Amino acid sequence: MMIALSQLELPHLAMESPEFAADPFPYFEAARAQHPWLASSIYGHVVTEYGAMKDLLAESHLRTANDGVVGIMGAKGTFVGDFFERNIFAVQGDAHRRLREALAPIFTPRHANAARQLIRDEIDRLLDEWLPLGEFEFGEFASYFPISALSRMIGGPVEAIPRLRSSMESASLLFSLDRGKLPEIEAGLRQVAEYS
């Protein structure tokens, strides 16, 4: 039996609120307690569970709505808006295919095997840096590894990694839907662009 979305009693996420922007995770957990993977918001329906996102985005007619987020944030036509509307995660069709084909060689098993020792060395370097602290938040520690490893693969200097990570964290705030964060987002993106 087919059920229309309008027939579902979905939890509502107040994504426009400062409280949600500050810490969305409790809101997502509460929403998943009511429905395992779907909620409503003033912006439209929200998929709240990673596996469901993966399943849905595998369908060719669905996509990441960077342009919608840019619109909500009032960033259309700005440096921030252009970045988020033109990157590989946002573009569709031939533009996406060309970018994906250009990047595909560095994401092959062969390339990963060639970089295996560099990756291990980078993990060891990070552990040597963090273990003397005695105690640390694992999530924060783990957040350094992807940017650190990728930076090292392209020959980036180790001393630039904390600043680059911080800049990327700032850039990701676009998805907080908090317009007050636009100056911080732009500053982060401009720092990332310096490394490009």
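Two aromatic rings of Phe, Tyr or Trp (its six-membered ring) are called a pair here if their centres lie within 6.5 Å; planes under 30 degrees apart make the pair stacked, over 60 edge-to-face, and the rest tilted. With that in hand, a search of the whole structure turns up nine aromatic pairs. One of them joins Phe-20 and Phe-28, whose centres are 5.6 Å apart and whose planes meet at 55°, so this pair is tilted. Phe-20 is buried at 4% relative accessible area, and Phe-28 is buried too, at 17%. Buried stands for under 20% relative accessible area, exposed for over 50%, and partly exposed for what lies in between (1.4 Å probe, protein chains only).

Before going further, please keep in mind that this is a predicted model, in which local features need pLDDT of at least 70 and side-chain atom pairs count only at pLDDT 80 or more, while totals for chains, interfaces and linings use all residues. Residues are numbered from 1 along each chain as its sequence is written, and side-chain values use heavy atoms, with hydrogens and water left out.

Let us step back to the whole chain. The protein chain has 11 helices and two strands, and from the N terminus its elements run α-α-β-β-α-α-α-α-α-α-α-α-α. Helices (H or I, at least four residues) and strands (E, at least two) are DSSP runs, numbered from the N terminus. The C-alpha atoms fill a box of roughly 55 × 45 × 40 Å along the principal axes. Of the 196 residues, 28% count as buried.

Back to the rings: Phe-84 and Phe-175 form an edge-to-face pair, 5.6 Å centre to centre with 85° between the planes. This pair links distant parts of the chain, since Phe-84 belongs to helix H5 (residues 79-86) and Phe-175 to the loop between helix H10 (161-171) and helix H11 (182-195), 91 residues apart. Phe-84 is buried at 6%, whereas Phe-175 is partly exposed at 41%.

Phe-84 also brings us to the largest nonpolar core, which has 19 residues; among those with the most contacts inside it are Phe-84, Met-73, Leu-174, Leu-182 and Ile-185. Such a core is a set of buried Ala, Val, Leu, Ile, Met, Phe, Trp, Tyr and Cys residues joined through side-chain atoms within 4.5 Å. Helix H2 (25-34), helix H4 (66-72), H5 and H11 each give two or more residues to this core, and H11 gives the most, with three.

Leaving aside neighbours within four places in sequence, Met-73 is in contact (heavy atoms within 4.5 Å) with Leu-174, Leu-177, Asp-178, Arg-179, Leu-182 and Ile-185. Leu-177 is found in the loop between H10 and H11 and is buried at 12%. Its phi is near 65°, a positive value in a residue other than glycine. Most residues other than glycine have a negative phi.

Ring pairs link Trp-130, Phe-136, Phe-138, Phe-141 and Tyr-144 into a cluster. Arg-165 lies over the face of Tyr-144, 4.3 Å from the ring centre, and the charged end of Arg-190 sits over the ring of Phe-79, 3.9 Å from its centre. A charge counts as over a ring if NZ of Lys or CZ of Arg is within 6 Å of the ring centre and within 35 degrees of the ring normal.
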